[in-house]
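Hi,

Here is the structure I said I would pass on. Have a look, and my notes follow below.

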Amino acid sequence: VVVSTGTRALQDQIMTHDLPLLEHVLGRRLDVACLKGLANYLCLRRYDELKRSARATDGSLVRQLPMLETFRDETLSGDLGELEALAEDAIIRAEVQSGSDTRIGPRCRFYDECFVTRARTNAERAQVVVVNHHLFFADLAMRDTGAAILPPYDIVIFDEAHQVEDVATLFFGVQVGNGRVPHREDLALV
């Protein structure tokens, strides 16, 4: 089962409140996983490269690296959202977050420890996978190319479904503006 919701905050609420309540009502544990977009995860390779670089002595980076190191040592998920002391727009976040351009797969020396790899492995085994609408529709768009982000699923539950249309339009819609539509006088020349 995939549960798709509007925001990362709602994903966290489902994971920390709603699913434990459901487990209590059912009287049994569920195997659940939460998947977020790549940029939400600490990339251990990029962190290591930053720590070893000359940039590690730059102003705000030198102050934030110890906080990031403690986070790296203590986190189980690598979800940068857990690091509340680090603002979402902090420069260091962009330096160490994962991304499609940073993923090198099994060639990476941190592959076995990788938070993204671990999250995807957990999702493969889970009965319930919690995602946000952007990740769900990114997965649908990728499936057209033969790739996938999410493991196979039988059921999708949309929480905050009033947002689905806008997010689906981002991935599958087409925008037409004045620059793409010929003006009437231009058509006469054709």
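This is a predicted model: local features need pLDDT of at least 70, side-chain atom pairs count only at pLDDT 80 or more; totals for chains, interfaces and linings use all residues.

Read from the N terminus, the elements go β-α-β-α-α-α-α-β-α-β-α-α. With a radius of gyration of 20 Å, against the 16 Å that the globule rule gives for 190 residues, the chain is well over that value and so more spread out than a compact globule. The C-alpha trace spans about 65 × 55 × 30 Å along its principal axes.

Now the inside. Buried residues account for 37% of the 190 in the chain. The largest nonpolar core holds 38 residues, and Leu35, Leu42, Leu68, Ile92, Val131 and Leu150 have the most contacts inside it. Elements that each give this core at least two residues include α3 (59-74), α5 (115-125), β3 (128-132) and α7 (164-172). Another core, of five residues, lies apart from it, with Val3, Ile14, Val128 and Val130 among them.

Beyond its neighbours within four places in sequence, Leu68 touches Leu42, Tyr47, Leu80, Leu83, Leu86, Ile92 and Val96. Across the chain, 70% of the contacts between residues at least 6 apart in sequence join residues at least 24 apart.

On charges, I get 21 positive and 29 negative side chains, and the centres of the two sets are 6 Å apart.

Cheers

Key:
Residues are numbered from 1 along each chain as its sequence is written. Side-chain values use heavy atoms; hydrogens and water are left out. A nonpolar core is a set of buried Ala, Val, Leu, Ile, Met, Phe, Trp, Tyr and Cys residues joined through side-chain atoms within 4.5 Å. Buried means under 20% relative accessible area, exposed over 50%, partly exposed in between (1.4 Å probe, protein chains only). Helices (H or I, at least four residues) and strands (E, at least two) are DSSP runs, numbered from the N terminus. Contact means heavy atoms within 4.5 Å. The radius of gyration is taken over C-alpha atoms; the globule rule is 2.2 Å times the number of residues to the power 0.38. Lys and Arg count as positive and Asp and Glu as negative; His and the chain ends are not counted. The place of a charge is taken as NZ of Lys, CZ of Arg, CG of Asp or CD of Glu.
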